[in-house]
Amino acid sequence: MLKTFIRTIRLMRPFTRMIVLALLLGALTVGSSVGLMATSAWMLSKAALQPSIADLAVAPVMVRFFGILRGVMRYLERLVSHDVTFRLLAHLRVKFYAALEPLAPARLSRHRTGDLLARVVGDVESLQNIYLRAMAPPLVALLVVIGTTLLIGYFDLVVAMMALAWFIAGMTLLPLIAWYNGKRLGIERTALQAEMNAMMTEGVQGMGEILMYGGGDSGADYRQRLDALLEQTAAHERRIARWDGLNNALDVMMVQGAGLAVLFVALGRLDGILLATVTLATIAAFEAITPLTPAVHALGANLSAAQRLYDVMDTPPAVRDHNRESPEPQDGSLHLRDVVFRYAPDAPPVFDGVTLDIESGARVALLGGSGRGKSTLVNLLARFYEYDAGTVTLCGHDLRDYTQAGARACVAVMEQRTYLFNTSIRGNIRIARPDATDEEIVAAAQAADAHDFIMNLPDGYDTLIGEDGGQLSGGQRQRIALTRALLKRAPILILDEPVAHLDATTGNAILRTVFDQAAGRTVILLAHQHSALFDEMGLTSVAL
Amino acid sequence: MNKRLWAETRIARAAFWLTVALQVVVAVFLMIQAWALSQIINRAYLLNTPLDQLGDWFALALFGVGGRALAGWLSAVAAARLATAIKADLRRRTMAHLLALGPAFLKSERSGEIVTTLAEGVEKLDSYFREYLPAILAAIFIPLCIIIVVLPLDLLTFLVMLLTAPLIPLFMVLIGKAAGYLARQQHARMSQLGAHFVDVMQGLVTLRLLNRSRFQIKTIRRITEDFRQATMGVLRVAFLSSLALELLATLSVAIVAVEIGIRLLYGGIAFDHALFLLIIAPEYYMPLRTLGARFHSGTEGAAVAERLYALMDQPPPAANGGVQPAPDTWRALHIDDVHFAYTPERPALRGVSLTIERGQQIAIVGDSGGGKTTLSALILRFLDQQSGVIRLDDTRLNDIAVGAWRDQIAWVSQKPYLFNASIAENIRMGRPDATDEQIVTAARSADAHNFISRLPAGYDTPCGERGLHLSGGQAQRIAIARAFLKDAPLIVLDEPTANLDTASEALVIGALRLLAQGRTVISIAHRLNTVIEADMIYLLADGRIVEQGDHQSLIAQNGRYAQMRRDYA
């Protein structure tokens with residue numbers, strides 16, 4: 001935990017000056033309250049002796065000054081600390097993305113599902129708050145405590161020590177109790193929340209089964225389980241509330257107790273005129289100490305988020321570049337010699353001495369059921385994974401002589417399930433070649449039989465397609481994948497199960513146009529099983 | 001305040017009012033303590049009372065502190081009781097409503113978003129009920145309580161408090177509206193930014209394949225920086241509202257202090273009263289400021305409520321009201337001129353009629369979008385036809401109790417859902433009172449026993465999202481075992497082999513063939529090799545039956561079915 005903490009502090013180093021500024025402003029905010037109560041109390045005490053108005057001196061002005069200062073300081077503090085937070089967010093995102101990018105997909109299989117990835121992204125967002133919620137409160141409290149103690153100490157050392165003792169108790173005891181309770185109750189809470197999430201997921205995704213198999217009356221079994229979980233959760237939350245409430249009660253007793261204790265010590269030691277001043281100043285200073293309890297909770301949550309991020313960031317990538325410069329591809333050939341590959345050291349080999357020769361311009365159908373390594377071939381050529389033995393010659397050079405980007409420039413892959421970004425159709429296609437003209441985009445879409453359906457969308461190529469392609473069907477998605485692959489200028493075109501989501505008629509029509517369009521490029525088609533169509537189109541079928 | 005959310009408190013009204021009442025009690029104790037404190041200081045300072053005679057006042061102050069702490073604690077407990085009761089009730093009701101809406105409704109929604117609304121969204125209502133609602137009433141009653149005490153003590157302070165207090169809510173409404181608008185914009189931009197980041201991350205593999213992944217670093221930095229600048233511009237204005245509130249509250253305290261200070265000079269007010277007023281003044285404004293700080297919970301709660309009630313306001317299919325028992329031995333299911341449209345522009349079924357005799361095995365084929373799934377949803381009564389009628393012999397299907405009808409059906413879907421339980425429990429769903437032997441028999445019939453018994457924990461292996469990850473074919477065979485165990489007369493198969501590879505498909509088809517024996521089967525199919533043996537094949541296109549007959553006769557017709565068949569091979 002300490003390591004994570006230090007590493008997180010280091011992350012914030014570029015923003016040190018702004019952070020210090022925000023801290024000072026935060027301390028001045030509470031300091032103004034202390035000042036307001038102290039000067040008000042002094043003014044009243046002095047006035048009670050009914051001196052002339054001149055004896056009050058600047059007190060009335062000071063009272064109003066602190067009244068205004070507090071608001072202004074608070075305003076500035078909020079601006080500065082939010083600015084830091086957003087800068088930190090940008091910094092964290094870029095850093096995290098740069099560390100994560102080389103890990104996809106090989107090292108992210110543990111985080112494969114979108115949900116897990118979204119959680120990682122959520123972790124970045126919660127970490128941006130670490131300054132605001134967890135780091136600032138204790139430091140502000142420290143500054144305020146020092147300031148207030150010095151102020152009281154100016155009048156009397158013993159009274160100041162009494163105040164300091166209560167401050168320290170408030171800064172340690174209450175957060176410690178909160179931390180202990182949070183740890184004790186938090187684990188069960190997290191478990192119950194996960195349970196609730198799973199229960200709701202079951203209810204929504206398994207609704208068909210619940211209704212058809214769930215004991216006749218609209219899922220009575222499921223409802224019963226849900227009721228039990230709801231009751232369990234509510235009971236646990238009530239328990240947490242009892243402890244949190246106790247903590248608040250202790251907080252009230254601590255704050256007011258401090259005031260009374262300081263007053264008690266001050267009686268007889270201090271001039272009567274100062275009694276109200278020190279008492280009210282002590283109570284006001286606790287405004288900086290009370291937020292420490294939520295800060296403890298926030299620190300715990302943020303550090304766990306940070307730890308999860310660091311775990312991902314520290315994973316070494318599966319493939320490293322051997323050269324800085326990438327050779328120019330010579331042709332569109334691909335040769336595998338005795339290639340051995342396994343996904344994990346203890347996993348069975350997917351490639352156990354595979355040899356394969358595909359000449360430039362050839363058209364080949366690679367056949368094999370699931371687990372035969374069709375997608376593995378793509379993973380190796382795209383340098384997502386490192387093979388264990390054998391040689392791969394891609395476009396005339398050893399695969400390992402290329403940089404990762406260089407190797408990927410040699411192959412255009414039509415993925416089985418391509419990802420569609422939340423932007424326009426045009427933007428999604430152009431991502432394959434940013435400098436493509438609109439004409440080239442249309443031409444590629446026509447070749448992939450995507451043009452017609454795109455033109456039928458409300459805004460044609462400018463239609464926004466929503467989160468991961470939203471309403472597009474599997475077939476339309478595949479046609480966009482194909483458009484991308486065609487647009488990317490690469491000597492080798494790999495089609496991964498190109499007709500899997502299409503009905504037979506459309507699928508065959510598309511394949512025909514692709515083969516017409518890809519003149520001069522090597523085409524490798526990956527398929528489950530042989531189809532008469534492959535022979536018809538002059539493909540050489542090779543079993544993998 | 002959201003009216004419907006307020007109405008939710010009816011199940012725990014007592015807890016709600018207790019919460020508010022206890023907060024007022026807190027204010028009373030607070031005044032007792034402030035009074036004791038001002039008396040101690042007054043006596044020690046002006047009356048020179050010796051320390052040992054102040055014991056009673058110290059005791060009173062401690063009594064005030066203790067009472068305040070205790071009442072605050074009880075108030076928090078009552079508030080939690082309120083919030084937890086309402087959250088549980090909302091979740092229970094929404095889920096019950098979703099079950100009534102059925103899976104066909106969910107298809108048109110983002111299921112992930114519904115889960116998020118139910119799990120995390122409802123959680124956000126916690127602070128709405130626990131803090132925001134009580135804070136509204138506390139902001140009325142606590143200042144009221146204090147000002148009543150202030151009135152007999154000092155008229156001027158009473159007037160200052162009376163005049164400044166309404167300014168705070170007034171400002172809050174005036175500035176809050178503008179700030180709320182800005183905050184919503186800001187929130188929208190923030191989630192947009194988050195969504196962009198998620199989008200890039202999820203598409204990382206595609207980006208890498210297209211060699212565009214490094215480029216995104218610049219984009220992320222630029223977008224986040226743009227966001228920061230735009231947001232800071234907004235915040236500079238938005239925070240002005242809290243500045244105004246803060247100024248108003250602290251300056252009001254300052255005004256009270258100066259005003260009583262000046263009058264003290266001329267003996268216009270007693271010192272102990274003055275001190276009491278000074279201590280109590282910040283407490284007077286505190287509930288109003290707290291309410292300002294809780295404003296966020298209010299808007300957030302309202303946003304969640306909007307999504308939640310949008311779901312609850314969806315009318316369930318009207319057909320679920322039947323009460324008749326299902327006849328034990330029906331002879332035929334008649335579908336007569338049935339129409340259904342998801343939206344008026346998007347008709348899914350446009351007059352479909354067919355009859356399924358008991359014991360017959362029929363298949364419904366056609367391209368996606370042809371209406372196959374809609375038809376099966378009508379039969380399962382996940383949807384209700386908009387015109388036409390489905391009858392079981394002479395009884396309208398809608399008159400039969402929905403549970404009784406579903407008891408007659410064993411359903412195997414395209415993507416069977418396995419629950420977070422053991423494999424045995426998942427199969428047992430078909431018949432809760434089944435013995436272990438019956439489960440094994442069902443699994444054997446579904447060709448699932450072999451792979452299950454090879455698993456380390458066998459039938460006790462946990463599966464589902466948090467358990468063992470089974471292949472599509474394995475999950476499908478567990479679903480078929482479930483169907484075997486249910487032993488229902490009617491089998492509805494909803495493209496059960498659509499997501500399987502050839503080898504798994506063969507195993508699943510074998511199991512299904514066994515399941516079909518002696519039962520009535522309605523099979524929705526995309527892949528054509530599963531339907532050859534059907535007694536009757538209906539080809540659905542654009543919501544109509546365009547061809548029908550058995551395999552041989554359809555091939556002989558040489559129409560669309562024959563074409564599909566050729567393309568498939």
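Author: Start with the salt bridges: 5 of them cross the interface of chain B and chain A. One of them joins the side chains of Arg208(B) and Glu101(A), at 3.4 Å from N to O. Keep in mind that this is a predicted model.

Polar contacts are there too. Between chain B and chain A, 24 residue pairs are in polar contact, with both residues at pLDDT 80 or more. Which element gives chain B the largest share of its side? Helix α8 of chain B, residues 215-265, does, with 28 residues. By kind, the side of chain B that touches chain A holds 77 nonpolar, 23 polar and 29 charged residues.

Now the extent of the contact. Chain B puts in 129 residues, and chain A puts in 129 residues. The size of an interface is often given as the accessible area lost when the parts come together. Here the two chains bury about 11,800 Å² between them. Carbon and sulfur atoms account for 70% of that area. In chain B, the residues that lose the most area to chain A are Leu99(B), Arg208(B) and Leu209(B). Together they make up 7% of what that side buries. Arg208(B) is also the residue in the salt bridge with Glu101(A).

Next, the sheets of chain A. Strands of a sheet pair through backbone hydrogen bonds, either parallel or antiparallel.

Take the parallel sheet. In chain A, 5 strands form an open sheet with parallel pairing, in the order β6-β7-β8-β3-β9. Its edge strands are β6 (411-414) and β9 (540-543), and each pairs on one side only. From one strand to the next, the twist averages 20 degrees. β6(A) and β7(A), residues 492-496, pair over 4 bridges. There, Ala412(A) stands opposite Leu493(A). Helix α16 of chain A, residues 474-487, packs on this sheet and touches β6 and β7. Its direction makes about 175 degrees with that of β6(A).

Then the antiparallel sheet. In chain A, 4 strands form an open sheet in the order β2-β1-β4-β5. β2 (351-358) and β5 (397-398) each have a single partner strand, so one side of each is left without a neighbour in the sheet. β1(A), residues 334-341, pairs with β2(A) over 6 bridges. Val339(A) stands opposite Val354(A) in β2(A). Helix α11 of chain A, residues 374-381, packs on this sheet, touching β1, β2 and β4. Its direction makes about 105 degrees with that of β1(A).

Key
Residues numbered from 1 in each chain as written. Chains lettered and ligands numbered in written order. Heavy atoms only, no water. Pairing = 2+ DSSP bridges. Helix = DSSP H or I, 4+ residues; strand = E, 2+ residues; numbered from the N terminus. Axes fitted to C-alpha atoms, helices over the stretch in contact; angles between N-to-C directions. Contact = heavy atoms within 4.5 Å. Buried area = accessible area lost by both parts, 1.4 Å probe. Salt bridge = Lys/Arg side-chain N within 4 Å of Asp/Glu carboxyl O. Polar contact = N/O pair within 3.5 Å; in protein donor to acceptor, adjacent residues only side chain to side chain. Nonpolar A, V, L, I, M, F, W, Y, C, P; charged D, E, K, R; others polar.
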